[in-house]
Amino acid sequence: MRYPKVIGLLCCLLLVEVCAPAAAAAKRKRPRRAAKNAPVAALTRDGKPNILAKSSIIVDLKSGEELYAKNPDEVRSIASISKLTAVMAVLDANIPLEQATAITDEDARVARGGAKSRLKVGMALTNRDLLHAALMASDNRSIPALGRGAGMSPHQLTAAMNAKAKQLGLKNTHFEDPTGLNPGNVSTAREQVHTLRAALEYPLIAAISRKGQHDLTVVGGKSKGLKIRVFNTDRAARSGSAEVLGGKTGYNDPARYCLVIAAKVNGRHVAMAFLGDEGKLTRFGDFARVAGWVRSQATAQAPAALQKPK
């Protein structure tokens, strides 16, 4: 009568013998967690800002002086930074801001493959709120909806974006779709700083793109009255740690993580573009390093009598 128990015990021991090496191997394959106090990238390298993006440029917005450049004319995918040009195109078309536009199946189709949208098919929002969704939350469904609100199909909006780039004199900027999901939407760091400068001349773009958060209101459809709080994908604007004048983030696999941003640093209006960063937070680290470098330059150039004693 003891044999079944003995056999059961042997089976358990055999199972442990077989599984233990596999479990140990799986444990070895698990990626190590980043150290709690991981090293932070140095502020500068050889006296210049230690920018980790593959392509970058820093420009004084008032004087036009180029403060730093790293592969500034390299043509790269720009992902959702494309939305800056899309929004300029719909504003140029005199889109009625308080008119409501509903999200359609076509908008969902155009946005397919991008980040999940909180704008459900059938929801209607004012075009003003759709601009907030596009510039702050980088919502892909909002862009074709805005195009329709301005009387344009996605194809026509893309054409208007290319016409806008040509109007701005951008020779290396080209758009294949209005959202930035298509890797064929390309530009350079230099030309995207130029784009940002043009975009910030639209008071509405400047005001929206530097907000930390905003509550969208659904004004039509089954969810009428629903409030949807959106947060700026630009962490620098969202945190309030810097005086951001406006900007836009972007990401897709070919483009990697991108950021174009303007800020007031030590009284100086500076525009920056970071294309091709490896890491979601690295682009904001690049921004912080540039801001620190600009401050250090101002301190170094100040007369000795005006510098704070050490």
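**Ground rules**

I number residues from 1 along each chain as its sequence is written, and side-chain values use heavy atoms, with hydrogens and water left out. Because this is a predicted model, local features need pLDDT of at least 70 and side-chain atom pairs count only at pLDDT 80 or more, while totals for chains, interfaces and linings use all residues.

**Entry: strand 3**

I call a residue buried under 20% relative accessible area, exposed over 50%, and partly exposed in between (1.4 Å probe, protein chains only). Since 6 of the 6 residues of strand 3 are buried, the strand is largely enclosed by the rest of the structure. Ser55, Ile57 and Val59 point one way, and Ser56, Ile58 and Asp60 point the other way.

Next I looked up the partners of strand 3; two strands pair if DSSP finds at least two bridges between them. Strand 3 runs antiparallel to strand 13 over 6 bridges, with Ser55 opposite Leu275. Strand 3 is also antiparallel to strand 4, over 4 bridges, and there Ser56 stands opposite Lys70. Strands 3 and 4 make a hairpin with 5 residues between them, and Gly64 in the turn has a positive phi of about 80 degrees.

**Entry: salt bridges**

I then searched for salt bridges, meaning a side-chain nitrogen of Lys or Arg within 4 Å of a carboxyl oxygen of Asp or Glu. The whole structure has 14 of them.

Arg268 bridges to Glu65, with the closest N and O atoms 3.3 Å apart. This pair links distant parts of the chain: Arg268 lies in strand 13 (residues 268–277) and Glu65 in the loop between strand 3 and strand 4, 203 residues apart. Arg268 counts as partly exposed because its relative accessibility is 29%, and Glu65 is partly exposed at 42%.

Asp92 and Lys164 also meet in a salt bridge, at 3.0 Å from N to O. Asp92 sits in helix 2 (residues 82–92) and Lys164 in helix 6 (residues 154–167), 72 residues apart. Which of these two is buried? I found that Lys164 is buried at 8%, whereas Asp92 is partly exposed at 37%.

Arg256 and Asp253 pair at 3.8 Å, N to O. Arg256 is partly exposed at 22%, and Asp253 is exposed at 55%. Both belong to a network of salt bridges that links Lys54, Asp253, Arg256 and Glu278.

**Entry: helix 4**

I checked burial in helix 4 (residues 127–135) too. With 8 of its 9 residues buried, helix 4 is largely enclosed by the rest of the structure. Among the buried ones are Asp129, His132 and Leu135.

I finished with two single residues, counting a contact as heavy atoms within 4.5 Å. Asp107 is in helix 3 (residues 105–110) and is buried, with 0% relative accessibility. Leaving aside neighbours within four places in sequence, Asp107 contacts Ala102, Arg141, Pro144, Ala145 and Arg148.

Ser117 lies in the loop between helix 3 and strand 7 (124–126), and is buried at 9%. The side chain of Ser117 reaches the backbone nitrogen of Leu119 at 3.0 Å. With neighbours within four places again left aside, Ser117 is in contact with Asp139 and Arg141.

Conventions. A polar contact is a pair of N or O atoms within 3.5 Å; within protein, one must be able to donate a hydrogen and the other to accept it, and residues adjacent in sequence count only if both atoms are side-chain atoms.
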